[in-house]
Amino acid sequence: MQDPNEDTEWNDILRKKGILPPKETPKEDEEEEQLFQQQSVVKTYESMSLEELEENEDEFSEDDEAAIEMYRQKRLSEWKANQVKNVFGELNEISGQDYINEVNKAGDGIWVILHLYKQGIPLCTLINQHLCALARKFPQTKFLKSISTTCIPNYPDRNLPTVFVYRNGEMKAQFIGALVFGGMNLKVNELEWKLSESGAIKTDLEENPHKQIQDKLMTSIRCSATTKHDSDDSDGD
């Protein structure tokens, strides 16, 4: 007798005409099909966003709930951390009235860099330009600027430019006067290194770029001195 479940062209014709019943699906095939459907309906939670987790939470089994909740909390913490890290990103102007909220109440663990300046002082203008670039590079740090006398009444111009570094409302570093910054030759990477030493930013520079300039200058001086000494010896001969 012919097996009605046998895969033959004749059996397919008889099934289409209703003479033979539909082909029975083996139990193993049924289980594989169910597993495939479950996998296609439920996306692996590790690759889901917080919104997708909420939309599909009814689809998960009870065994997955604990792991999913842990993963949800992890993703939420990461999201909050990223929000904090990317909340700044520019150099903002403040007045003396803004000082308490913007500096003292900046938030737990937030580093604040405040530049006191005055218009018409070239080095102040240069530092503001450098701080704009650094604010974009280090968006997790709050960069602020304020006209000196607006922030601190009667603040002497001889102390400008001045940069204060704060964390949790406490001053961690201060840079006062043109000599501290090296004058108009100040490069953005030199300012970056100086601020990184206070802890306000995490630089990827491996060493002080100003030291490289000093080393080159000393090498040049030594070479010039050697050349002059050789020249004097030649004249003596």
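Isoleucine 152 has a relative accessibility of 30%, so it counts as partly exposed. The term covers values between buried (under 20% relative accessible area) and exposed (over 50%), with a 1.4 Å probe and protein chains only. This is a predicted model: local features need pLDDT of at least 70, side-chain atom pairs count only at pLDDT 80 or more, and totals for chains, interfaces and linings use all residues. Residues are numbered from 1 along each chain as its sequence is written, and side-chain values use heavy atoms, with hydrogens and water left out.

Where does isoleucine 152 sit? It lies in the loop between helix H7 (148-151) and strand S4 (162-167). Helices (H or I, at least four residues) and strands (E, at least two) are DSSP runs, numbered from the N terminus. Setting aside neighbours within four places in sequence, isoleucine 152 touches Leu116 and Phe164. Contact here means heavy atoms within 4.5 Å. Serine 95 is 57 residues away along the chain, yet the two C-alpha atoms are separated by 9.4 Å.

Now step back. The chain has ten helices and five strands. Of its 237 residues, 30% are buried. Take the contacts with a separation of 6 or more: 59% of them join residues 24 or more positions apart.

Next comes helix H6, residues 122-137. Its 16 residues should span 22 Å at 1.5 Å a residue, and its end C-alpha atoms are 23 Å apart, which agrees. The expected span is 1.5 Å times one less than the number of residues. Several H6 residues are buried, among them Leu123, Ile127, Leu131 and Leu134. An α-helix has 3.6 residues a turn, so residues three or four places apart point the same way. The buried residues of H6 pack against strands S1 (91-93), S2 (111-117) and S3 (142-147), and against helices H8 (178-181) and H9 (188-197).

How do H6 and H9 meet? They pack at an angle of about 65 degrees, with axes 10 Å apart. Axes are lines fitted to C-alpha atoms, for helices over the stretch in contact, and angles run from 0 to 180 degrees between N-to-C directions. H6 and H9 are therefore roughly perpendicular, a term for angles of 65 to 115 degrees. H6 contributes Ile127, His130, Leu131, Ala133, Leu134 and Lys137 to the contact, and H9 contributes Val188, Leu191, Glu192 and Leu195.

Last, glycine 182 is found in the loop between H8 and H9. Its relative accessible area is 46%, so glycine 182 is partly exposed.

Conventions. Angles under 35 degrees count as roughly parallel, over 145 as roughly antiparallel, 65 to 115 as roughly perpendicular and the rest as oblique.
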